[in-house]
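Welcome, and please open the structure in your viewer. We will go from stop to stop, selecting residues as we go.

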Amino acid sequence: MEYRSLGRSGLKISRMTLGTNNFGRDVDEATSIRVVRKAIDLGINSIDSANVYTQGKSEEIIGKAVRGDRDRFVIATKLGHEVGEGPNDSGLSRKHIHWQLSVSLRRLQTDHIDIYYMHRFDPVTPLEETLKTFDELIREGKVLYLACSNFTVENMRAMNEVCERLGLERIVALQPPYNLLNREAEAELFPYCLENGLGAITYSALAGGFLTGKYSEGVPAPAGTRGALYPRFWGRMNKPENYAIVEKFKALADTAGMPLSLLALNWIAKNPAVTSMITGASRPEQVEENVRELEVKPPEEVMAKLDALAKGTTA
Ligand SMILES: NC(=O)c1ccc[n+]([C@@H]2O[C@H](COP(=O)([O-])OP(=O)(O)OC[C@H]3O[C@@H](n4cnc5c(N)ncnc54)[C@H](OP(=O)(O)O)[C@@H]3O)[C@@H](O)[C@H]2O)c1
C-alpha cells in the first residue's frame with residue numbers, strides 16, 4: 001500500500017480509504033468489523049465515517065473494530081447534516097459542533113478525531129464562529145485536522161480568507177465525489193486543491209458498485225447488492241445513458257483482459273489531485289479485491305482510451 005501526505009499537512013494516509021456508510025445498515029456488525037480488520041491487514045490506515053451514517057452505528061462499529069490499536073489509524077468523521085428536527089440539530093454552529101463532537105468521540109471510543117469534516121457548507125452560521133470553534137478544538141487536541149465535504153470553490157475560498165485574516169487553522173482537505181461516471185471535480189475543485197495545498201479524498205470510486213459491471217440493462221439488480229436494496233441508488237443509476245457508457249468501458253476492459261473495477265480504481269489513482277480514494281465494501285473479499293486491483297498497473301494506452309471514453313460523463 002502506498003501512502004501520501006494529505007495536502008500540505010504532515011499526515012500520511014493510504015491511497016485507499018475505507019468507506020463505512022453501509023455499516024450497521026445492509027452490512028451487519030460482525031461483517032463490518034471483519035471488513036475493517038481486512039482493510040487494516042492490507043495496509044489501509046484511513047477510515048471514513050460520519051455522525052449520520054446509520055444513525056451513529058457506523059461510528060460505533062469502527063470504535064469496536066479499532067479498539068486496542070486506535071493510534072495506527074486515521075479516523076475521519078463528519079458533522080453538519082440533520083441529526084434530529086430541532087433548531088440546533090444540524091449545521092456548523094458552536095453549539096452543534098460541541099454536541100456532535102462529544103457524541104462522535106463517545107461512539108468511536110476515542111479522545112480525538114483525526115480528520116473532522118464539515119459534511120456540507122452552512123450558509124447561516126457566521127464563518128468566524130465555525131472556524132474559531134474548530135481552531136479551539138484543534139488546540140485542545142480533540143480534532144487534529146479540519147476538512148470539508150461537498151463544498152464549492154467559493155465556500156473554500158471564503159473559509160480560507162477568514163482563517164488567514166484571524167490566524168486560524170485551515171482546512172487541509174476536500175471530500176468530493178469522483179469516479180468514471182462523475183468527473184465534475186476536475187473542472188474547479190481539483191485545480192483549487194492543487195493550487196492551495198489541499199488534499200482530495202474522493203468518494204464513490206466505484207459509483208456504488210455500478211463500475212464493477214455487476215448491473216446490466218433490463219435485468220433486475222442481483223440479490224443483496226446495493227442496486228437491489230436501495231431504490232434511491234437504483235433510481236439514480238438504472239438509466240440507459242449509464243449502461244451505454246459502462247458497456248463501452250466494459251468492452252475496453254475485456255479487450256485489455258482486466259476487470260472494469262481495476263481500470264476504474266487506477267483511473268482515479270492517476271489523477272495528481274487525488275490523495276486517497278474512498279471505496280466501500282459489503283464483504284472483506286471486496287476490500288481484498290479492490291486493494292489487489294489498485295496494485296496492478298494497467299497499460300498507459302488502455303488508460304488513455306478509458307479517459308477518452310469517460311470525457312463528458314456527469315452521472
Ligand atoms: N461525503 C459525502 O457526502 C459522501 C457521500 C457518499 C459516500 N461517502 C463516503 O464514501 C464511501 C464510499 O461510497 P460508496 O459506497 O458509494 O463507494 P463505492 O466504492 O463506489 O461503492 C461501494 C459498493 O460497491 C460494491 N463493491 C465494492 N467493491 C466491490 C467489489 N470488489 N466487487 C463487487 N462489488 C463491490 C459494494 O456494494 P454491494 O456489494 O452492495 O453491491 C460496496 O458497498 C462511503 O461509505 C462514505 O464513507 C461520502
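A residue is called buried if 20 or more other C-beta atoms lie within 10 Å of its own, exposed if 12 or fewer do, and partly exposed in between, with C-beta atoms placed from the backbone. Thr54 is buried, with 20 other C-beta atoms within 10 Å. Before moving on, note that this is a predicted model: local features need pLDDT of at least 70, side-chain atom pairs count only at pLDDT 80 or more, and totals for chains, interfaces and linings use all residues. Residues are numbered from 1 along each chain as its sequence is written.

Helices (H or I, at least four residues) and strands (E, at least two) are DSSP runs, numbered from the N terminus. Most residues other than glycine have a negative phi. Thr54 is not a glycine, yet its phi is positive, about 50 degrees.

Now select Ala207, in the loop between strand S9 (199-202) and helix H7 (226-229). Its phi is near 50 degrees, also a positive value in a residue other than glycine. Is Ala207 buried or exposed? Ala207 is buried, with 21 other C-beta atoms within 10 Å.

**Around the ligand**

Next, show the 28 residues around the ligand, of which Gly19, Asn21, Tyr203, Gly209 and Gly280 come nearest. A residue belongs here if its C-beta atom, placed from the backbone, lies within 6 Å of the molecule. Strand S10 (276-279) and helix H11 (284-295) are the elements that give two or more residues to this shell. The largest share, 3 residues, comes from H11.

**The nonpolar core**

Of its 88 residues, Ile115, Ala147, Ile171, Ala173, Leu174, Leu211 and Ala264 touch the most other members. Helix H10 (residues 260-269) gives the most to this core, with 7 residues.

Center on Leu211. Leaving aside neighbours within four places in sequence, its contacts (C-beta atoms, placed from the backbone, within 7 Å) include Asn179, Val246 and Ala264.

**A helix pair**

Finally, select H2 and helix H3 (residues 94-108), which pack at an angle of about 40 degrees with their axes 7 Å apart. Axes are lines fitted to C-alpha atoms, for helices over the stretch in contact, and angles run from 0 to 180 degrees between N-to-C directions. Glu59, Glu60, Ile62 and Gly63 of H2 meet Ser104, Arg107 and Leu108 of H3 in this contact.

Technical notes: A nonpolar core is a set of buried Ala, Val, Leu, Ile, Met, Phe, Trp, Tyr and Cys residues joined through C-beta atoms within 7 Å. Two residues are in contact if their C-beta atoms, placed from the backbone, lie within 7 Å.
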